[in-house]
Structures are given as structure tokens and as C-alpha cells.
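Reader: Can we go through the pockets of this protein? I have the file open.

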Amino acid sequence: DMTSAPTPDPIPGSNAKLPASLSLGVIGNCAFSALIDAHGRLVWSCLPRFDGDPVFNALLDDSEKGSDFAIELEAFSHAEQMYVPNTAVLRTRLYDQHGQAVEITDFAPRFTSRDRDFRPMMIVRRVRPLHGWPRIRVRVNPRFDWGRTEPHITRGSNHLRYVGPDLTLRLNTNAPLSHVLAQTAFVLPGELNFLLGSDETLQTGIAETARDFEQKTTDYWRQWTRRLALPLEWQDAVIRAAITLKLSLYEDTGAIIAAMTTSIPEAPGSSRNWDYRYCWLRDAFFVVRALNSLSEVATMEDYLRWMSNVVIDSQGGHIQPLFGIGLEKSLPESFVDNLPGYRGMGPVRVGNQAQEHFQHDVYGNVILGAAQAFHDHRLLHRAGAREFRALERVGEQAVRVFDQPDAGMWELRTRARIHTSSAIMSWAACDRLAKIAATLKLPDRADYWAGHAEGMRERILKESWNEERQAFAESFGGRDMDASVLLMAEVGIVDPKDPRFISTVDELERVLCDGPYMRRYEAPDDFGRPETAFNICAFWRIDALARIGRKKEARAIFEAMLAVRNPLGLLSEDTHPVTGEMWGNFPQTYSMVGIINGAMRLSARWDSVI
């Protein structure tokens, strides 16, 4: 049942180092996450939350200074890796040249305890021998302040403490502490457990706690998955995507992060390195809608709790496109000079200047993200008249900015236009408000918002149309092509069978597609012409083709996109059209959303087989 991950030639002596890549597994518990490479080496984890200090930063520092948590096997031969089916529990098997083997089980505890979600800041690593008498070396090297500060280490009877300036980590373990401290190779005598987390004493024994937490976490994810309304086809791909999206929720506040990393370049050596560990209202809407399509509505309820703070605080005015996961408004960009970056390709950025942008699609994304809460009778907290009044103020702002220049959804830093995609979302804000008003039996408000929507629709279809190219362009009066206009059919502003939309898809395919892959836009941006394809655009294309009736082509492209996932079924932001290699921040929620949407759109119906 194991999936073999492609690995380079065995490193002499052990599995100490793999070159940095995005063949990574994700563990987490909706409070924090960690990324683990194909040899079981923990190479990235920000603590105490997603946007915190990367106490393990080897993903961005391949040198000896890079911090990691590795369990090395002497005379290493090869590795296998898989998730426990339908869970966020990761297993890595390491084999040596003599047929001996160990298995590493990694997870972050998550389960219900005393009627509450238990999600401690804790990484559990369990190691057991599978065959023979393998010799392992344990290397635990956290660093603090973005790798600048080594911890002060203290020792107890069964624990080590790694003391930093603002955070202290405790490693509870039944492994020999002397071997861990000295990083000495030793024979693995039986099952060993490593529980790394807050500086707190365990309530029960180390082995007992690890076993109990693993069983309860496994049960939690299996029950969570069991409640998903899956498509007939591609179920495993959808399950992995859904779990990954759930892991991107910061449950404490309800924020949803765009990705778990910062500064993975969008293309080799491009300097397109951004920090994605924050909550974009646009990305979060797509995540919520994808999970809703699987009948997983709890994430929407958590997110609406976060978003209501944003809406109320805006007082009917400007809303910035992203916030910190604790609702922080200011996310100033800075550079971490002491980290060389992914494969040495800096800069490493912290913060995101896009928080200062005017991106007018944000108002539509807010209302679209909340709309289902007014119509869904399953919800514990169904939205009503009070929430509608708050959203109406957002809608009025959408009306005001509908035809004003902005930075657009691609966050162009030096070019402002009246972007078609932003105008579409302003239309969607008014259209959905009209539908909500009808549900709430407020006919005057329904007519009011429907009137605004119809006026916007007429202008969008007229002013974004480029007669020369027979396509809807990326801006009013423009001629450049942009994949974001594919959303026209998805949000419902145009019938997908409309000849104008069909010819737009044809033109987009002609100028933006490299086989199954699709770039965002054709015009050069601040950094020149994009080199890599943007995964979500390929999934938008799949959706458009399926709606038009070109379902066979859509399925072929969908299968091609599934084929470029990493061995564990995860996607980053971008794919190189020549090498097929993943680039950009990881795992990218946009991309994982595309997997769910594509499968739901293309799958055969359940009643075709039962």
C-alpha cells in the first residue's frame, strides 16, 4: 500500500539530506503545520502558528545552518511514504542496504476532548523497527528568530527543553537523551516516541500519550472524511485535497491561509518570492466553496466568524484584500538576509505588501463567501436579516468601485486598470445580495440589488469585449488576455454556451496554454513575462470546457494536472510547462480547490453504478 517517492542516488551512510524540493507531506491540526520530506526529515514548521517563526527552516536553508528534525538511517537505501488513508497521519518507511527498515509516523494531534477540539502545538513522531536491527541517528535542531538564534538546551529526566527568546519547546521522549543530544547513531531497540511542543509536562506516560493521540487523531480524520459528499470518480484525490484545505484553517480565529510557506519562487531564479501565510479573502472564498460542495460546511462557519469581524470593522468602506490570521491589518514586507532561500533562490520575504492594495474583487468575494449561510438549513448559525444589513454595506462599496482602476486579482504592483475580473465580482456581489434578499422575503431590496447587477452586467459585457480578438479582455477597453475572465461562467454572469464566451475560451487557449498548463496573462508584469503556469488557471479552463460541452478535453487536462501532483497528492501554486516541476508556495489552497472543483464537475454520477 506504500507509494514510492522518487529519490536521488542514496546518500552515502544515511538519508541525512535530500535536495530541497516540494515532494513534501503536510501534517497539521488547524493550529499549525509542518512539512516533511520524502526521507522523513521535518524541514519546515512555523510556531506557534502558521505565520510564526519557522523554527525548522531547512526548506529555505540547505546549508549546515538550516534547522531540521531528522531521523536518519545508517546505510540508507530507499524510502517509501504514504498517508494513513483518509487521515492527516503520515508514514515514512526507510530501508537500509541490508534489508533492515524503520517506520516513522508523523502527525499533529487533533480530536475532540471534553466537547472541545483538542489541537495542541505538538508534533508527534513515532519510530519503530520493521525489520532487523537498524541503526538510527536522531537530529533535532530547532532555531529561532528566522534561523539567527540557536536555542539554549536544558535536560530533564525524559525531556529536553529548547529555550529561545520568545518560545520554549519541550521534547518529551523515551529515546536515550544522550544519543539525541550528541546525535549519536544507535540501534533502534523498539518503538520510540518524540513529542515536540509547548513547554508543558505530559499528563500521562510518553509512549501511552503517543499511542493514544495517534489513535484518536486517526479516528478523528476518518470520521471527518466519512461525512464528505464525494464524487464517484477521483475520490482519493478529492479526499487528500479536502484534508489539505482543512489543514489550512486557523481554527482559533477562522482565518484560512493561502499556503503554508513563504518565498518559494514562482519560477526558477525569478525573485517572484512572496509570503502566503496569511488570509486572502479571495482565496478563502474559493476554499469555503470547494468544501461546501463536499458538504463540509463547518469550515465556512469558522471562516464567517473571522470575516464578520472584517466586515463590521470596515464600516462600509475599503476592505484590504488580505489580513493576518489574527485579523492583523499591517503586514509590512521585510527580507531575511541570513536565509539563502529555496535552492539558494532568495530573497526570503516576511509580510506582504499586497495588504496595501486596492483589489476591488474583494467585495464580491466577501459576499460570495457568505451567501450559502443564508440558504443552508443545516447550519448551527444560519445568517439572517442582521448579517444581510452588514453585507449590504459591502455591496454599496462594490457599486462605488465597480468601474474604478485597481491592482487586480494578480496583485500587479505597477499597473492599475479597470480589471474585468474585479468588475465581475462586483456584479456577483449585487447578484447574490438580490438572491439573499429574495430568500429573506425582502422584495424591495431584491429589486434594488438586481437592478444594480443588471446595469453592471451590461457594461461588463460591452466594455470588456474586444472585437479584434473576439474575446473578453482583461480590462475595460483592453486587448490583453487574462485567464481570470474564465470566472465569468463560473460565477454566472454569462451563459457558457454564449458564442462570445466560447470564442474567449478559444483565444485564451491559443495565447496562454502550453498543453494542459495555463499561464495567468499574456502581458509582461513587473518582473517580465511569466515563465511558469498557474495551476488554478488550468482548473478554471477545465471548468469552462466542461460547461461548454468539451468534457472529453476537460477530463484529459484534469488527468494531466493530477499527474503533476507530488507523490502524496499535493500541489503548489505553479507548474513548469517544460519540466513539469512544481514551483511557488506550498501546498497552495487555490490548486487543491481546483482538484475538488474539477472532480465534482467531471465525475460520472453515483447512480451510473448503483
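What follows is a short chat about pockets and their linings.

Author: This is a predicted model, where local features need pLDDT of at least 70, side-chain atom pairs count only at pLDDT 80 or more, and totals for chains, interfaces and linings use all residues. Residues are numbered from 1 along each chain as its sequence is written, and side-chain values use heavy atoms, with hydrogens and water left out.

Reader: How much space lies in the largest pocket?

Author: About 680 Å³. A pocket is an open set of points on a 1 Å grid over the protein atoms alone, where a 1.4 Å probe fits, with protein on both sides within 12 Å along at least five of seven lines. Points are joined across faces, edges and corners, and the volume is the space filled by probe spheres set on them.

Reader: Which residues are closest to its centre?

Author: Phe118, Pro120, Glu200, Gln203 and Phe213, out of 25 lining residues; lining means having an atom within 4 Å of a point.

Reader: Which helix or strand gives the largest share of that lining?

Author: Helix H2 (206–226), with 5 residues. Helices (H or I, at least four residues) and strands (E, at least two) are DSSP runs, numbered from the N terminus.

Reader: Now the second largest pocket. What lines it?

Author: There are 19 lining residues, and Lys246, Glu296, Ala298, Glu301 and Asp302 lie nearest the centre. Helix H5 (298–314) gives the most, 4 residues. H2 also supplies at least two.
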